[in-house]
Amino acid sequence: MPATRHSVCALDCPDACSLLIDVEDGKGSRLRGDPDHPVTRGFLCAKVARYLEREYSADRLLYPQRRVGAKGEGRFTRISWDEALDRIAEALHSASRAFGPESVLPYSYGGTMGYLQGAGMDRRFFHRLGASRLDRTICASAGAAALTSTLGVKYGTEPEQFAHSRLIIAWGANIHGTNVHLWPFIVDARRRGARLYVIDPVRTRTAGLADRHFAIYPGSDLALALGLAHVIFAERLEDAGYLEQYVEGVSGFRQLAASYPPERVESLTGIPRQDIVDLAREYATLQPAVIRLNYGLQRSERGGAAVRAIAALPALTGSWRTPGGGLHLSTSGAFRLDTNGLEMPELQFQSPLGRPARLVNMVQLGRALTSLDSPPISTLVVYNSNPAAVAPNLNLVRRGLHRDDLFTVVLDQFQTDTADFADILLPATTFLEHTDLYYSYGHYHLQLARPVVPAPGEARSNTDIFRLLARRMGFSEPCFEESEDSMIARLLASDHPFLSGITIERLDAEHSVRLNVSPPGEPFLPFAHGGFGTPSGKCELGAETLSYSPPSESRLGDAALVRSFPLELISSKNDDSMNSTFGYRPELDRQTTVLHMHPDDALPRSIRDGDLVRVFNSRGSCRLTASVPGPPAAPAVRSGVVRAPSTRWPKLAPHREHVNALTSDNLTDIGGGAVFYSCLVEVEKCGD
Ligand SMILES: Nc1nc2c(c(=O)[nH]1)N[C@H]1C(S)=C(S)[C@@H](COP(=O)(O)OP(=O)(O)OC[C@H]3O[C@@H](n4cnc5c(=O)[nH]c(N)nc54)[C@H](O)[C@@H]3O)O[C@H]1N2
Ligand SMILES: Nc1nc2c(c(=O)[nH]1)N[C@H]1C(S)=C(S)[C@@H](COP(=O)(O)OP(=O)(O)OC[C@H]3O[C@@H](n4cnc5c(=O)[nH]c(N)nc54)[C@H](O)[C@@H]3O)O[C@H]1N2
Ligand code: SF4
Ligand SMILES: [Mo]
């Protein structure tokens with residue numbers, strides 16, 4: 001008889017699912033969603049339903065290895081852990097001697113959402129070393145900074161409350177593809193008559209299932225939000241009482257919105273003026289109305305300002321007052337655990353540097369590797385990430401990774417493109433094999449997972465690896481010997497009321513515990529009575545930062561650029577992928593070699609459905625297969641926009657071509673974020 005054990009999906013997904021796994025003779029045989037978890041509700045997404053294939057894949061990395069081929073070639077030989085650790089410690093020591101410890105750069109992102117394996121012993125290690133600090137901006141930093149400016153905190157409507165909404169607006173949010181556990185709440189709401197509207201340049205799976213789809217031009221959401229505010233004010237649909245009591249900067253915002261009448265907004269966004277008027281009216285009157293904003297639209301030059309303007313809308317209409325109203329971008333800010341206790345930033349003062357090290361923006365990894373000096377990057381340690389696939393301006397990143405004088409260490413479960421550049425490659429455990437505590441950025445439940453199956457070969461957790469490295473480096477502080485349970489206890493030792501009564505014992509017994517955001521059984525209404533975390537305690541609209549100008553890389557942007565590269569490329573998430581994590585699966589590789597085009601763009605270029613096309617701009621090029629549906633199928637994009645579901649493993653493409661050779665490593669207006677979706681390209685049919 002198999003034993004049923006509990007785990008948590010660690011992937012970079014808002015849903016943070018609670019898992020049940022059957023284990024027999026130490027081997028997992030069946031994986032399913034926990035039916036008792038209030039958000040998981042007994043099902044998993046298609047990609048993780050098959051996670052055991054990954055767990056037991058013959059391609060798992062099992063032993064430490066040393067590179068024997070050229071960088072990027074991917075030829076390695078097995079070595080012992082002792083040899084691996086010695087070589088890494090020697091490289092770190094000699095880098096510190098030659099250039100100072102800041103020449104070492106850690107690079108990590110979303111491989112796991114666990115606190116310990118994501119940002120625990122690794123942070124302590126690099127702080128103590130004095131390594132450069134990585135600014136982790138590749139995904140969400142513009143939106144996070146924007147939301148925090150407006151609301152003062154990074155949280156919003158509880159997913160469970162969507163069931164009570166009458167109008168749900170998925171704004172830059174492909175809910176069915178990237179946040180599927182919100183969907184059942186929307187189904188519940190629609191059963192009671194709610195409408196689902198989607199604002200997205202792409203006809204996503206979600207848009208196809210919605211009541212209406214507004215195919216906005218990329219990067220123009222700020223103008224639409226101001227246009228909606230214009231109509232709301234003009235027709236006196238605002239909640240004057242809420243504005244008066246809880247909102248700061250109303251008159252400036254009203255004034256700004258006055259200059260965005262529907263006709264102007266139509267020309268900026270491509271959405272017909274009457275649709276703008278109707279949407280504003282419905283949004284203000286069909287209460288409760290909720291906005292599910294996701295991170296797609298903030299990967300744009302003005303993405304931060306767009307999020308701020310959208311986050312103003314529920315304050316205008318007072319929709320924060322009721323269950324089923326408000327806005328949800330992320331819930332992560334409610335997890336007020338003591339992350340300083342975990343990461344120990346004070347260790348920086350014990351490093352040879354004696355101060356916090358410089359900050360390197362991860363979006364500009366290519367620039368850092370190729371042109372940073374005083375000191376240059378001499379050593380790169382990558383874990384929980386695959387920058388040789390996911391980083392923008394990929395050709396520059398590769399040039400950096402190819403450097404002969406760069407020493408690269410990679411910790412991963414699979415031999416990714418980044419792994420191919422490693423000098424030392426270390427095998428990492430999966431979330432089924434290590435202990436961790438999990439927050440979520442899509443709900444309010446804190447979860448603990450213990451190992452449920454043994455690690456294969458000699459794979460080790462990130463925590464263990466950095467612990468061993470600390471010993472090798474001679475770091476004698478007791479924090480490097482701390483047990484995982486003690487690290488978790490530190491995290492939980494926060495005095496924030498959301499955490500009160502949550503202990504490791506309780507987590508071990510219950511696996512998932514709702515934060516104390518509201519009394520049990522009562523909805524969490526974060527801003528029903530104000531309570532914003534801003535300096536003023538009010539919702540701060542910040543109109544002075546919100547006037548709209550089109551992104552330079554957009555159809556209304558830099559005219560010379562538009563002449564050469566007239567199409568706007570969106571390389572958003574593939575429904576069945578998780579960034580590059582499952583890139584080795586052949587069917588996902590096929591899905592991510594596609595370029596969706598509108599017939600009006602394909603025809604003049606003599607491109608037909610199924611043709612091989614070259615997508616290019618001044619940064620690079622990439623060959624993809626055109627998808628140009630004929631009637632009656634609806635095109636996935638409007639004319640002027642092309643879409644490439646992302647992201648594949650470059651090593652599976654001829655010449656390692658990849659869509660990120662096209663994307664820019666410029667930064668967003670606020671938060672230093674990535675602008676993956678402000679990207680102009682041209683497309684041509686490939687010769688045979
Ligand atoms: N299936 C699947 N799930 C995932 C992931 C995955 O790769 N695959 N990745 C995970 C990660 S890392 C994240 S950050 C989350 C969240 O992922 P998101 O960032 O929300 O997902 P995206 O699909 O990139 O973007 C959401 C939508 O925004 C749209 N969009 C792009 N530009 C604009 C714009 O200018 N305006 C508007 N209105 N919409 C725009 C895109 O077309 C897309 O449909 O999802 C996670 N979940
Ligand atoms: N063109 C384009 N590029 C994008 C995006 C896009 O939409 N379009 N999205 C961007 C976004 S939002 C994000 S978040 C980034 C995501 O970029 P990454 O965070 O790099 O995500 P993945 O590609 O999924 O790579 C995660 C890696 O971590 C490894 N891993 C998982 N768990 C562990 C562990 O416990 N230990 C170790 N050592 N390794 C582990 C996995 O095997 C995998 O190779 O990509 C960005 N890049
Ligand atoms: S990827 Fe997301 S939806 Fe899929 S199992 Fe993990 S947390 Fe759930
Ligand atoms: Mo992300």
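**Packing, domains and backbone**

Modeller: Start with two helices: W81, D82, L85, D86, I88, A89, L92 and H93 in α3 meet I465, L468, L469, R472 and M473 in α20. Contact here means heavy atoms within 4.5 Å. Helices (H or I, at least four residues) and strands (E, at least two) are DSSP runs, numbered from the N terminus.

Biologist: By class, what residues make up the contact of α3 with α20?

Modeller: Nine nonpolar, one polar and three charged residues. Ala, Val, Leu, Ile, Met, Phe, Trp, Tyr, Cys and Pro count as nonpolar, Asp, Glu, Lys and Arg as charged, and the others, Gly among them, as polar.

Biologist: Before we go on, what are the ground rules?

Modeller: This is a predicted model, where local features need pLDDT of at least 70 and side-chain atom pairs count only at pLDDT 80 or more, while totals for chains, interfaces and linings use all residues. Residues are numbered from 1 along each chain as its sequence is written, chains are lettered from A and ligands numbered from 1 in the order in which they are written, and side-chain values use heavy atoms, with hydrogens and water left out.

Biologist: At what angle do the axes of α3 and α20 cross?

Modeller: Roughly 60 degrees, for α3 (residues 81–99) and α20 (residues 462–473), with the axes coming within 9 Å. Axes are lines fitted to C-alpha atoms, for helices over the stretch in contact, and angles run from 0 to 180 degrees between N-to-C directions. α3 and α20 are therefore oblique to each other. Angles under 35 degrees count as roughly parallel, over 145 as roughly antiparallel, 65 to 115 as roughly perpendicular and the rest as oblique.

Biologist: Is the crossing of α3 and α20 left-handed or right-handed?

Modeller: Right-handed. A crossing is left-handed if the near helix is turned anticlockwise from the far one by less than a right angle, and right-handed if clockwise.

Biologist: Next, α10. How does it pack with α15?

Modeller: α10 (residues 221–234) and α15 (residues 303–317) pack at about 20 degrees, axes 8 Å apart. α10 and α15 are therefore roughly parallel. The crossing is left-handed. From α10 come D221, L222, A225, L228, A229, I232 and F233, and from α15 A305, A306, A309, I310, L313, L316 and T317. That gives twelve nonpolar, one polar and one charged residues.

Biologist: And α10 with α12: what angle there?

Modeller: Roughly 105 degrees, with the axes of α10 and α12 (residues 250–258) coming within 8 Å. α10 and α12 are therefore roughly perpendicular. L226, A229, H230 and F233 in α10 meet V250, F253, R254, L256, A257 and A258 in α12.

Biologist: Zooming out, how is the chain divided into domains?

Modeller: Domain 1 is 3–55, domain 2 is 65–75 + 82–129 + 339–514, domain 3 is 157–329 and domain 4 is 559–685. The bounds come from an automatic or database domain assignment.

Biologist: What area is buried between domain 3 and domain 4?

Modeller: About 1,800 Å², with carbon and sulfur atoms giving 51%. Buried area is the accessible area (1.4 Å probe) that two parts lose on being put together, summed over both. In domain 3, 21 residues are in contact with 21 residues of domain 4. Their C-alpha centres lie 27 Å apart.

Biologist: Last topic, the backbone. Which residues does a cis peptide bond join?

Modeller: S374 and P375, with omega about -15 degrees. P375 is in the loop between α17 (365–371) and β15 (379–383). The peptide bond from S646 to T647 is also cis, omega near -5 degrees.
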